[in-house]
Each structure stands twice: as C-alpha cells, then as structure tokens.
Amino acid sequence: MASKGILKNNGSSRMPPQGAGSKSPTAPTSAPTVVFGRRTDSGRFISYSRDDLDSEISSVDFQDYHVHIPMTPDNQPMDDDDDGAARAEERYVCGSLFTGGFNSVTRAHVMDNKPDDAAAGHRKGPSACMVDGCDARSMRDARGDDVLPCECDFRICVDCFTDAVKDGGGACPGCKEPYKNTEWEDLAAAGAAEATRALSLPHGPAGTNGHKMERRLSLVKQTNVNQSGEFDHNRWLFETKGTYGYGNAIWPQDGTDDDTDCGAPARPGHPKELLTKPWRPLTRKLRIPAAVISPYRLLVLIRLVALAFFLMWRIKHQNEDAIWLWGMSIVCELWFAFSWVLDQLPKLCPINRATDLSVLKEKFEMPTPNNPTGKSDLPGIDIFVSTADPEKEPVLVTANTILSILAADYPVEKLACYLSDDGGALLTFEAMAEAASFANLWVPFCRKHDIEPRNPDSYFNLKRDPFKNKVKPDFVKDRRRIKREYDEFKVRVNGLPDAIRRRSDAYHAREEIQAMNLQREKMKGGGGEPFEPVKIPKATWMADGTHWPGTWLQPSQDHARGDHAGIIQVMLKPPSDMPMYGNINEKTPLDFAGVDTRLPMLVYVSREKRPGYDHNKKAGAMNALVRASAIMSNGPFILNLDCDHYIYNSKALREGMCFMMDRGGDRLCYVQFPQRFEGIDPSDRYANHNTVFFDVNMRALDGLQGPVYVGTGCLFRRIALYGFDPPRSKDHSPGFCSCCLPRRRKASASNANPEETMALRMGDFDGDSMNLATFPKKFGNSNFLIDSIPVAEFQGRPLADHPSVKNGRPPGALTIPREMLDASIVAEAISVISCWYEEKTEWGIRVGWIYGSVTEDVVTGYRMHNRGWKSVYCVTQRDAFRGTAPINLTDRLHQVLRWATGSVEIFFSRNNALFASSKMKVLQRIAYLNVGIYPFTSIFLIVYCFLPALSLFSGQFIVQTLNVTFLTYLLIITITLCLLAMLEIKWSGIALEEWWRNEQFWLIGGTSAHLAAVLQGLLKVIAGIEISFTLTSKQVGDDVDDEFAELYIVKWTSLMIPPLTIIMINLVAIAVGFSRTIYSTIPQWSKLLGGVFFSFWVLAHLYPFAKGLMGRRGRTPTIVYVWSGLVSITISLLWIAIKPPSQAANSQFGGSFSFP
C-alpha cells in the first residue's frame, strides 16, 4: 500500500510514532507523523519522504527514475522468518477494532488474537529436504519457491544435491534417475542468462513441466567473489550474460533490434516485442451509422424551423375572443420550445464504445521484458459501499453486495472494499463479519465454476438453467453444498437483530444485579444511606462481552446515531502477493485444489459523529472513505456503489479499466456505468428503468465531454476527486462538441515541459501549479494522506507502451507487493475520519464529494467537467451492476422530488452552468444548464394541462378557429416528434413502450414532484423556509406473497393533489363541453374537438397515475375521492365567481336544460 511506511524519528519537526493505545487525546496536531519509505529485499532503506528530497515534487528539476537490481546470488529475498514480526503485527491489526475521534484516545480492542488458520494452512513456508535424516531447507529461488532439479519434484537441499552429484553418481535420491544437469559451472553458464526471468515466474499448480524446467535454471554458482570477499558483479555479468534490467544502457541479447541492414551488427534498442508487435488500443469508439444519425440531425433542424415559424404565427394571430386563453398558451408554448432545444441539442452527437479485454490481459497480465513474471500490472481499485440505516437498507442486501465485490474478476491483491456504516450499527458490523466468513467458500466457488452473477441471492434465484455451460463433474455437488451454506448464512444474518437484543438484555441484567449487590454491600458496611434504584444505561453488547462503541439500540451519550466514536475494523486482511491454492482438508467442505482462495481486503468504517457538526450526509461519508482508503490501500481508482447495487458482471472492473488505461485515459475523471434494476413490474408502470435517460441522454453526452455522474456505479480517478486539473490542460480547447464541430487544438509551448509539472495541478487557471506547502490547507494535516497523493497520481497513469501515450508510467511499475498493515496506519485512518478533520480544509468545497446539495453526485461531476476533465459511458454487453428501485407510486414520486429539489438548488447556486468555466464544452454546458432548469417546466406544464378544461368550460380555444395553417403546423411538429422518437429508439436500442412510459411519467412527475421541488426551492432561497413532503397514510398490500405487491400499495401524499385535480377537472370539462355543444343552437364542433383532443392527451399521459391510485382491484382510499371532490368544487366555484353565466348563454340551450 502506498501509505505504508517504515517509521523512524526525524528530529523535532515530527512526532515519534505512538501506539494505538497511547495516542494523545489532544487537538488534531497530535496525529502521528511518519517518514515514508520501504525496505528492499536486500535490506536497503529507500525513503519516500519529501523531507529527504532536495526539491519539491513539483520542481521542474526533479526526475522520477527507477533502478531495477537483478536477483543476483548476493541479492536474494530475506527468509520468511524475517517478516514474522510484520505478519504478527498484521494479524494484530486485522483482529482488532480501532476506535477514536475528537479529543479521545485511539484504542485498539482485540477482537480475536488467534492467527488465521485458514491462511496459515495455505501460506508457503520453508520446505524441508526430503532426504532421510536431513531436515535442512530445500533449495529455493529468489522468490522463496522450491527449486526442483529433477522432474519427479523431489525436494533437496544444496548439500544433499552436492553429495548426490559427487557420491551418488549424479542420480536423484527420489526417483533414482540421473540429473540432466549436475555441474555448477554448466548451470551458471547455460542457465544464468535466464535466471532473472526464472526467479520470478508465476507460481501455478504443480504439474507444469515448463515451469519445472524454468525453476531448475535458477541455480547459480555462488563463488563469484572477489579478493575482499564481496560478490563480483562484473564477473557475474560477464560469465552469465546477465543484465541489470529494463532501462539500462545495455539491453539483453533478445532485446536488441535485429531489423538492421544485412551484415550490420545488431544495435541495442527496444525489445523485439515492442517493435514487431502492432500497438492495439484497449477501447474503440463506435459511431452511429450515418443512415441513422444524419436524418436524425436533419429532423431536429426541420422541427426547430417549424417551431420558430409556428410560434411566430401564433404570436401574430391572437384570439380576440379569449385573449387570456391565448396569452397563457403562447407563454407555455414558448417555454416548451426553449426546454426542447435545451434537451435536444446535447443529443446531436451520440456514440457507442467497445472494449477489448483480451488486449488488457495481454498488456497488463502477460510476461513481457519489463514484467517477466507476468504478474498483474493493473492499478488498484478501492470500492466504496455506503449504508446508513439497517432498518431501511436490509443488511442481507448489503452483505450480498459485499460478496459480489469480493468475488469480482480482478487481481485480488489490487482490490480493497470499504463499507461505510453511517449509522454505526452493530447489526451492520456483525452482518459484515458473517459475510466475510461466508466469502471463504463463496468466492473460491465462483472462481472455480465461473459463476455469474456473483451475488449469491441473485444467483440462486435465477430462472434459467444453472447447469448450462458447466463442464466440471463436481459442479452439482458443489452447488448443492454452497446453497446449503448460503441458506444457513441467511438464517444467521436474519437472526442477528434478535440475537443482539437478547445478548444486550442478558448483559444489562447482569450489570444491574452486580450494581445492586455492590449497593447492598455498601449499605451493610454502615453507610445507612437510603436505598436508591440503580439506573444503568442499557448498552448494546458485542459477542465478546464488551460495549459496542457505535450506536446503541437505546441511544445514550456517545452512543447515539449522531454522537459516536469513529470505528475501523479490518474484516479481511490484505491478501498475500502470490496466489494461495486450496487443497482438500476437513475445514474446507469443497475441493478448491488449483483455485486461488485469497480474498480482497474488507474494511468496516463508521466515521465519528458529534453534536454540533454538520456531517453532510452521504457526501461526508464518502469523503471520509476517500481519506481512510488513501492511508490504508491508496488505490488510484475508486468505485462507489450503493448498498443495493451489486456487481452483476464480474469483469465490469476490467471493462472500466480499459478506458482509464487506454491512450488519453489520464484525462478521464470517471467512467460511468448505466444503472440497471431488478424487481420492476413487467409493464414498468412508472418508468423505473429510466432507459430513456440511461440509453439516450447518457449516450449522447458521451459524445460531448462525458456523461453526468449519477451517484452509483461510477469508477473515479482518485486524483480527479482530489480537485486536480487534468494533465495537458493547456493543450486541449473545449470546442463545441467532440464529433460534430471539433475545434482545432492550439499549439502550446507547454509540450516542452516535463511531465511532472503537467501531471499534477490544482487551481482555477492552468498557470496555477501544485504547491505542496498548501496541501495541509486543502487536504488536512495528515502527512500520510498528503504523501499518498503523488503515489496515487503515478499509479493511475496509463501504460507507456507507445510513443503517443503521454504522461504514462513504465511497464511493470505496479508489480511491487503491497506492504502490510500496522497499528500506526489504522490509527492515522481513525484520525482522518474524525468529525474535526475537515475544519478549515477544502473537503466538500473543492476536494472530494461536493457539499451543499441534495444531489451531490451531479455537482461533483459538474466540478470535474468544469476543470476540463472528461468522462466516458461504459455500456457492457452484460449489465455491469444491478440494483433495486421503488415500484410504488408514492416512493417513486418522492425519489423524483429529491432529484428535482437538488436541481433547483443547483440552479440557485454557483454550480449553475451559466457560470461554468471556458474549459467546458458548449453543448456540455447546455446539458448541465438543462439539469438545473427542467423542474421549472412544471409551472408551465401544469398551466397547460388545465388549458383544455378551461377551453371546454368557456367554449373558446387557444386559436380563433381551427384553420388549415394551424393544423398544418401542428401536424408537422407532431410528425417530426414521432420520427425523432423512432430514430432515437433506433440508435439507442430502447423499446417503443419504454419511450412512451417515459413520456407518461414526465407529465406525472412534472405536475407533482417537480412543482413541489420548485416551490420548496423558492421558499428556501427567498424566505429560508424548508418544507418536507412526508407520507401521511399507508394501505397494506393485499397479497404479501406477490412479488410486485408493493406496486399496489397506495400511500397518500400531498404530491398527488395536482395530478389528481387535473384528471378530475378535465373529466368534468369534457362532460360540460359535450353537453354545451349538443344542446346549443349553433354547435361549435371545432372548438369542442380541439379542447377534447388536448384533454385526452393529458388524460392519456396521466393514465398510469390514475391506475396506481386504484390499487388492486380498484380499491381506492376514501381520502383520494375527498380531496379530488373538494378541489374540483373549489375550482368550479372560482370559475363561476370569475365569469358568472349570462342569460344569453342560458338561452342557447334547448329544452329544460340550463347550464349554471
């Protein structure tokens, strides 16, 4: 891990490191400080600290360089016993619960001090010689792997091998077959040239003959010493034709450039693989076919011209008989045209993208001259999962999400999962402990049988054949066993609430008895004081008989939802660097032979909360995870998921990494995946899938500067979250869009600057370079965190495997093993999640998730785009992530209300796209402007929905007569709208029904939630009054066994009043209009048809809303009729008061009918 360092004192400027139990309970300045560094395999200490450099990192004179020292006989890794203390420290850290916070001591409560038996069973220890009577260590290479000189895999030590060669006739003591190579000089001369490569070959299951042969070549004669007794490197290089690695002046013989003229000597150059093998990109941009996109753009232009002429005609031709009706309609139509333009312009450049996972594997996980071992060179990923309330967010759902993350198809040692429990609940903590235990079976099972999806609950509930494409004979047995284990796991997790409650009651009763006995003893001792009842706060107890440091079931001081200490528990320790293959034993019920059984690191985090601090809800929790993860693992990329969104495609992380590691990927701030949902009713009554947004709008934004951030399923670049500008920001002009009208790049003198001065920059202008002295003001006073920033930036760079890749890193730079955890690192992580840490810093202002809005996700993405970053939209063939969405009408309305409220807040803040910088593309700015404006359309929409009813009541229409010109314009606008919809369906791949459901809910949400959001936002900005729309009543579903029973539950909310009123008024108006026309002396059928047509247009869009109010079998709550009747009567009386009926109007009706 990047932040893991070797602690050493550094004078008076740095405090000596303190243990977890001796941390001073003072202000933040007492946080432990360290000097960053690492110790090489040969024992040499390399410092990473800024204090040990002659200049700052941002200096133009500073150059990054790497010295690769080969594993010569004098440079061998230390024995496994030398890091025993470090392993013991790591076991102590992983078995302890760390707590602390503001003005409190950081404590480490040992939960389980036993070593990890499962890991110990797989850990590679020193192997003993198999010769009878000899217990010496067998010959091993530089990695610690056994060197087997014979194909029978008979382990033998160096002394026994020498005796077998000299006295045993050169025969193997095991199989009695002669050794093929018995001379030290021959081994040194013939095999030492390949020794460096053979010393680091990947270790796989035994039985690969090629691997055995390579390991035999790792024996080198250890007699190349000079007269002083030191190893003679020059002699070793001369005799073995060795090299000191990639980057040296002399390349290996197989790395020379052989493409020279005939007879010319081969010249040193790049390896043959880099010159002969064509460079292949990781991603491809797939343009929409011209046969689809060209007519689409032409129709947009035609409709835009038609709208302009139509509005001009409407303005010139007023309805003198109903000027008020004409005025309201023309204002609404002008706004609708403006809103359509804002929505349509960003859709002019849609694109699709594709990734190539085979190229990713070839570049980052295959042996190369720079990475001879073939070890994964992919960067690390820290995955954040956030939850706040185990009652609203079931812990079983969260546990399944965690299990899908742990089983993801990504290098185990490069993956770390952090769960943010913002409620500090013991229930969530113990559920995660159960999930970590079950992962020991579930994750290897998924790897062995290539399971998809890797969420156990979703996998076992699949409606397809689970045995399809499964070829291993033991799959049926393994699946049956793992299903039984999962059922037991669910029983344990679902029983945790009662178990915790009973346990707490039992311990509390014991405490009360002990306190009463102590009080009686004091009274017997002659105190003579009156007996007072004992009052002991009822605590929540952990399984080991200690108080839970977080939130108690019965809140108390320091143990309430907004008042508790910070907690960090490493549930699963960082995995070893090399694979650990399973075997058959009594502790493992399944056969995992040949399957990597390692698990990614899993960390439980609950940030400190105290009264009087603004904790900023989810954004504050995410920022706390950013800081804690930077210290503990420092993955250069961050994936955030909601607790109910799990990994549906195990290769989704690799798909996202293809964009980040491709050419130009260093300018990407995040990769956004589409949200897909499960449990939606088949008809998708309330457009819960939201496919128009995710498959139309987001694909279109991908052709500009990138899609918006939608809160989950997003892979971030850590350095972009820190608020830095993208590299080479001066070389890129914003332009209009990336495909239609690209702007030519301006030549800049900054191309001659070193990459180090261009990679990190933080400021409002390109000229503002990174100044390390200002980092404490921006990021806080944690030296661990500050020193991890340049490391994360370097590790997140693309691979420099092509001259066109700028700001890249050398291949093989990320194959270094991760350092182990120690107590000082976790103690520092505790300090950065405390409630005071963000004070007087830029966290939430310019760094991390941005505060001040309900929709912090949109604002955070906007800030990145505003700095010049780009984002991409990754639509995978198999859904990357899946989650849940509310299918109930009221829940859906409240969800839309929250989004619309955030948009209104954005419009009235400095995050309004009108104030965007020049680094943002024009069409991207229009898209963000539409994000803040679209809720205001509800004002005009609700007026327009009442216009048909007003027209039918008054007997007038928005135009004087339905002439040919009006009908022609109306026909052109309608036809172009339908054609545009058809073409959008064509290039986006959505269904026509999905498009229509989106149109329906646009009107439902626009007349209810959006209007409430605008009202709420205006009152908050103008008067400072905050209004919350809450549920007031609830109807229980009829069938609890029905999968979609929640769809039929009717929960009354005030958001339902406007659309319900619109429905009732339009129905009454249609009846009134028909009656007036039928009984009138001179029927005005044209005005009636116009009003009825628009009324049916409104009612057709509101049909899902009306159907939702009916519940199951038409059972509608009485309050719905009461409110609709009251509102209808009120509006009718208001209309009569405004325009009382005249005698002339009454005389138009025949018979005895009279209209009031």
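Student: Why is Lys-870 called partly exposed?

Tutor: In this predicted model, Lys-870 has a relative accessible area of 30%.

Student: What makes Asp-487 and Lys-483 a salt bridge?

Tutor: The closest N and O atoms of Asp-487 and Lys-483 are 3.1 Å apart. A salt bridge requires a Lys or Arg side-chain nitrogen within 4 Å of a carboxyl oxygen of Asp or Glu, so a pair at 3.1 Å qualifies. Both residues lie in helix α15 (residues 475-494), 4 residues apart, about one turn of the helix.

Student: How do you know whether Arg-676 is buried or exposed?

Tutor: Arg-676 has a relative accessible area of 16%. Buried means under 20%, so Arg-676 is buried. Asp-695, at 8%, likewise counts as buried.

Student: Which residue forms a salt bridge with Arg-676, and what does the pair tie together?

Tutor: Arg-676 forms a salt bridge with Asp-695, the closest N and O atoms being 2.9 Å apart. Arg-676 lies in strand β16 and Asp-695 in helix α19, so the pair ties together parts that are 19 residues apart in sequence.

Student: Why does Asp-725 count as buried?

Tutor: The relative accessibility of Asp-725 is 1%; since buried means under 20%, Asp-725 counts as buried. Asp-725 forms a salt bridge with Lys-919, with the closest N and O atoms 3.9 Å apart. The pair links distant parts of the chain, 194 residues apart.

Key: Residues are numbered from 1 along each chain as its sequence is written. This is a predicted model: local features need pLDDT of at least 70, side-chain atom pairs count only at pLDDT 80 or more; totals for chains, interfaces and linings use all residues. Side-chain values use heavy atoms; hydrogens and water are left out. Buried means under 20% relative accessible area, exposed over 50%, partly exposed in between (1.4 Å probe, protein chains only). Helices (H or I, at least four residues) and strands (E, at least two) are DSSP runs, numbered from the N terminus.
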